[in-house]
Amino acid sequence: MRIRPATAEDVAAVLELDRRLFGSDAWSEQSVREELTGPRRSAVVACDPAVLGYAVTASAGDVVDLQRVAVRPEHRRRGLAHELLAAALEHSEADRVLLEVAGVNAPALAFYAAEGFTEVHRRQRYYRDGSDAVVMERALR
Ligand SMILES: CC(C)(COP(=O)(O)OP(=O)(O)OC[C@H]1O[C@@H](n2cnc3c(N)ncnc32)[C@H](O)[C@@H]1OP(=O)(O)O)[C@@H](O)C(=O)NCCC(=O)NCCS
């Protein structure tokens, strides 16, 4: 397994995995292409050589947003998301990382807490299913 920068050649594999993991909230093919190769993005994939997971950040001045981190279910709890997040943030010059996650997404909340993120804001009933959006933050340096 290795982690490397994502390229346009990863669009199909990431699209397939994103649809499997996020269902009706999945990115469109155009969004995947923009997230993997667009300006101000840092996108990495873990591969063996099939894509096992991916992470994307978007920088905006002193803040960098974590757009996605996702790992194939059969490859979880092996530190892959930890490595993907570190790789996506490696060259960031931001002061802090922000993300938004559904309050019902227990695995992601546990992962972000383990990564040192803390809740800074909660948007009540933000999602279509009535669940809250939790905004979390972590200092970068
Ligand atoms: C959240 C997600 C990315 C974590 O991926 P992962 O590769 O399993 O995470 P890691 O192995 O790096 O976990 C690091 C630590 O986070 C915590 N953690 C991760 N998943 C957890 C879970 N399901 N329950 C409790 N703690 C968890 C643990 O402390 C873990 O360390 P440990 O395994 O030594 O106990 C993965 O569950 C996933 O892809 N979920 C679906 C997509 C998603 O919701 N992404 C987030 C929103 S964009």
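The buried residues of helix α1 are Val11, Val14, Leu15, Leu17 and Asp18, where buried means under 20% relative accessible area, exposed over 50% and partly exposed in between (1.4 Å probe, protein chains only). Helices (H or I, at least four residues) and strands (E, at least two) are DSSP runs, numbered from the N terminus. This is a predicted model, in which local features need pLDDT of at least 70 and side-chain atom pairs count only at pLDDT 80 or more, while totals for chains, interfaces and linings use all residues. Residues are numbered from 1 along each chain as its sequence is written, and side-chain values use heavy atoms, with hydrogens and water left out.

**Helix α1 and its packing**

- Helix α1 spans residues 11-22, 12 residues in total, and reaches 16 Å from its first C-alpha to its last. This is close to the 16 Å expected at 1.5 Å a residue, the expected span being 1.5 Å times one less than the number of residues.
- The buried residues of α1 pack against α2 (29-37), β2, β3 and β4.
- Val11, Val14 and Leu15 of α1 meet Glu29, Val32, Arg33 and Leu36 of α2, contact meaning heavy atoms within 4.5 Å.
- The axes of α1 and α2 come within 9 Å and cross at roughly 120 degrees. That makes α1 oblique to α2, since angles under 35 degrees count as roughly parallel, over 145 as roughly antiparallel, 65 to 115 as roughly perpendicular and the rest as oblique. Axes here are lines fitted to C-alpha atoms, for helices over the stretch in contact, and angles run from 0 to 180 degrees between N-to-C directions.
- Glycine 23, with a positive phi near 50 degrees, follows α1.

**Nonpolar cores**

- The largest nonpolar core has 24 residues, and those with the most contacts inside it are Val69 and Tyr112. Such a core is a set of buried Ala, Val, Leu, Ile, Met, Phe, Trp, Tyr and Cys residues joined through side-chain atoms within 4.5 Å.
- At least two residues of this core come from each of β2 (41-47), β3 (51-60), β4 (63-71), α3 (80-89), β5 (96-102), α4 (106-114) and β7 (133-139). The largest share, six residues, is supplied by α3.
- Apart from this core lies another, of 15 residues, among them Val11, Val45, Cys47 and Val51.
- Leaving aside neighbours within four places in sequence, valine 69 is in contact with Tyr54, Ala55, Ala81, Leu84, Phe111 and Tyr112.

- Arginine 68 is found in strand β4 and counts as buried at 12% relative accessibility.
- Beyond four places in sequence, arginine 68 is in contact with Asp18, Phe22, Asp25, Ala26, Trp27, Tyr54, Ala55 and Val56.
- The C-alpha atoms of arginine 68 and alanine 58 are separated by 9.8 Å, the two residues being 10 residues apart along the chain.
- Histidine 75 occupies the loop between β4 and α3 and is buried, with a relative accessible area of 17%. Beyond four places in sequence, histidine 75 is in contact with Leu52 and Leu80.

**Backbone features in loops**

- Aspartate 48 and proline 49 are joined by a cis peptide bond, with omega about 10 degrees. Proline 49 is found in the loop between β2 and β3.
- Arginine 40, in the loop between α2 and β2, has a positive phi near 65 degrees although it is not glycine. Arginine 40 is exposed, with a relative accessible area of 58%.
- Arginine 77 lies in the loop between β4 and α3, and its phi is also positive, near 60 degrees. Arginine 77 is exposed, with a relative accessible area of 86%.
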